[in-house]
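This briefing concerns side-chain packing and helix geometry. Please consult the sequence and the coordinates alongside the points below.

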Amino acid sequence: MFDVAVIGAGPGGATASRYLAKNGLKVCMIDKDHFPRDKPCGGGFSEGLLDEFPYLRKREEEFLKGVAKVGVLHSPNRKIVLRGTVDMAVTLRTDVDNVLFESAIEEGAEPLVGTRAKSVRFHDEYVEVVVEGTDSIKARVIIGADGVSSMVARETGLNKRWPSSMITACRVAEVPAKYHEIVARYSENLDYHFYANLGGLPGYGWIFPKRDTINIGLGIVGTHAQGLPRVFNAFVHHLKMEDLLMKNADVSGAKGALVPTGGPLSKSYIDRCILLGDSAGMVSPLTGGGIAYAMRAAKHATVVLTKALEKDDLRSTALNEYEQLWRREFGNEFNDQLLAQKIFTSPFTNLLFEIGSRDTKIQHMVSEAMAESSDAGIDMKRLILRTLYVCLRASFGL
Ligand SMILES: Cc1cc2nc3c(=O)[nH]c(=O)nc-3n(C[C@H](O)[C@H](O)[C@H](O)COP(=O)(O)OP(=O)(O)OC[C@H]3O[C@@H](n4cnc5c(N)ncnc54)[C@H](O)[C@@H]3O)c2cc1C
């Protein structure tokens with residue numbers, strides 16, 4: 001019997017597996033894929049994350065593909081451009097996820113890969129994870145880190161299904177490019193670009209230049225997602241016309257994927273089970289970024305589960321502390337991001353860009369928020385006050 005079965009070995013599951021194993025617990029880390037494996041993603045996160053997880057910093061040369069220093073934000077009507085400084089690390093998920101996966105194994109987590117977990121059965125003293133092709137895994141407690149379409153969330157009733165308004169459908173391509181082609185278009189600062197509400201639909205397009213690839217993507221809120229392939233093709237065409245993408249750029253490898261952007265589930269635990277990362281909706285509704293949240297939640301899960309296993313109390317009353325901890329650290333950020341998402345997908349977005357173009361502070365705040373390079377997330381109160389101040393200043397002709 002394992003102490004913990006972790007279902008999903010992405011950033012959330014691998015981080016939890018690593019810390020739990022480091023604490024001397026017997027951990028089974030289950031993933032349907034073999035590693036290294038790709039995961040459709042922009043691959044951007046705050047560079048500061050590498051210092052929160054120093055074992056990543058030590059191996060950064062294996063996955064870090066540069067640090068974007070400038071954000072360039074385009075208004076929906078393409079007439080206004082905002083610019084700000086950022087610190088956004090860019091990576092390929094194949095590489096960084098593999099480093100996380102290996103780090104968990106180094107600490108003693110036992111991998112079970114290429115094996116899909118099909119269902120979970122709760123017993124008085126343990127949980128049984130029914131897996132494809134081999135005997136079921138028994139563990140005293142489980143972690144559901146199995147991503148946006150989480151089987152664990154579904155089976156436990158914590159989330160039967162995301163409503164389409166709480167999900168963003170994406171299309172993303174990692175376009176191979178020579179470094180000189182990248183620098184010519186995005187400078188050595190690896191300027192990242194963000195396009196608000198492409199095709200008049202709620203969501204955004206992005207370009208994350210990296211050392212040997214250019215990551216191009218588009219996300220549209222699920223209720224409007226039927227327009228996704230058409231708008232993605234138009235986006236690629238536009239970038240080629242603007243020479244932000246080489247004329248011969250190959251986007252044939254573009255992949256579709258979902259990300260939960262409606263804020264976290266109201267509850268992320270039950271008896272003998274914790275959810276983290278995408279499975280619990282821990283993703284910025286504004287940017288779709290969730291790597292950092294998944295990893296931070298994993299740390300909290302480790303603290304609470306280690307204690308609960310020691311006391312042999314895995315009831316929801318004991319696991320409730322997990323939810324308190326992650327909500328205290330970053331739960332409030334989701335409220336601001338949800339508000340920002342509503343404002344930035346509203347008909348007033350062009351006007352807001354117009355106001356922002358008159359003020360470097362606003363440009364800096366918004367660029368940082370979109371690159372998630374500010375530790376505080378997006379501070380909507382500050383942004384709204386600053387916007388009012390800029391409007392007042394303009395109305396007095398200052
Ligand atoms: C197009 C796109 C672009 C994105 N860009 C960014 C970005 O730039 N920055 C950022 O921070 N976030 C980004 N995100 C979000 C980010 O990908 C997720 O928030 C992050 O991967 C969450 O990590 P996780 O560990 O919770 O889940 P995942 O990374 O999804 O990992 C889940 C793992 O579970 C495994 N699994 C699933 N089901 C089962 C099963 N039944 N049995 C066994 N294994 C299973 C999967 O194989 C996978 O390895 C993006 C998402 C999308 C879709």
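In which sense, left-handed or right-handed, does α1 cross α8? The crossing of α1 past α8 is right-handed, that is, the near helix is turned clockwise from the far one by less than a right angle. The model is predicted, with local features requiring pLDDT of at least 70 and side-chain atom pairs pLDDT 80 or more, while totals for chains, interfaces and linings use all residues. Residues are numbered from 1 along each chain as its sequence is written, and side-chain values use heavy atoms, without hydrogens and water.

**Packing of α1 and α8**
- Helix α1 (residues 11-22) packs against α8 at about 30 degrees, with the axes 8 Å apart; axes are lines fitted to C-alpha atoms over the stretch in contact, and angles run from 0 to 180 degrees between N-to-C directions.
- Contact (heavy atoms within 4.5 Å) involves, among others, Tyr-19 and Leu-20 of α1 and Met-295 and Leu-305 of α8.
- Helices are DSSP runs (H or I, at least four residues), numbered from the N terminus.

**Nonpolar cores**
- Within the largest nonpolar core, of 79 residues, Leu-56 and Val-129 touch the most other members; such a core joins buried Ala, Val, Leu, Ile, Met, Phe, Trp, Tyr and Cys residues through side-chain atoms within 4.5 Å.
- Helix α8 (residues 291-311) contributes the most to this core, with 11 residues.
- Beyond its neighbours within four places in sequence, Leu-56 contacts residues including Phe-63, Val-96 and Met-295.

**Helix α11**
- Nine of the 12 residues of α11 are buried, meaning under 20% relative accessible area with a 1.4 Å probe, protein chains only.
- Among these buried residues are Ile-362, Glu-368 and Met-370.

Methods
Buried means under 20% relative accessible area, exposed over 50%, partly exposed in between (1.4 Å probe, protein chains only). Helices (H or I, at least four residues) and strands (E, at least two) are DSSP runs, numbered from the N terminus.
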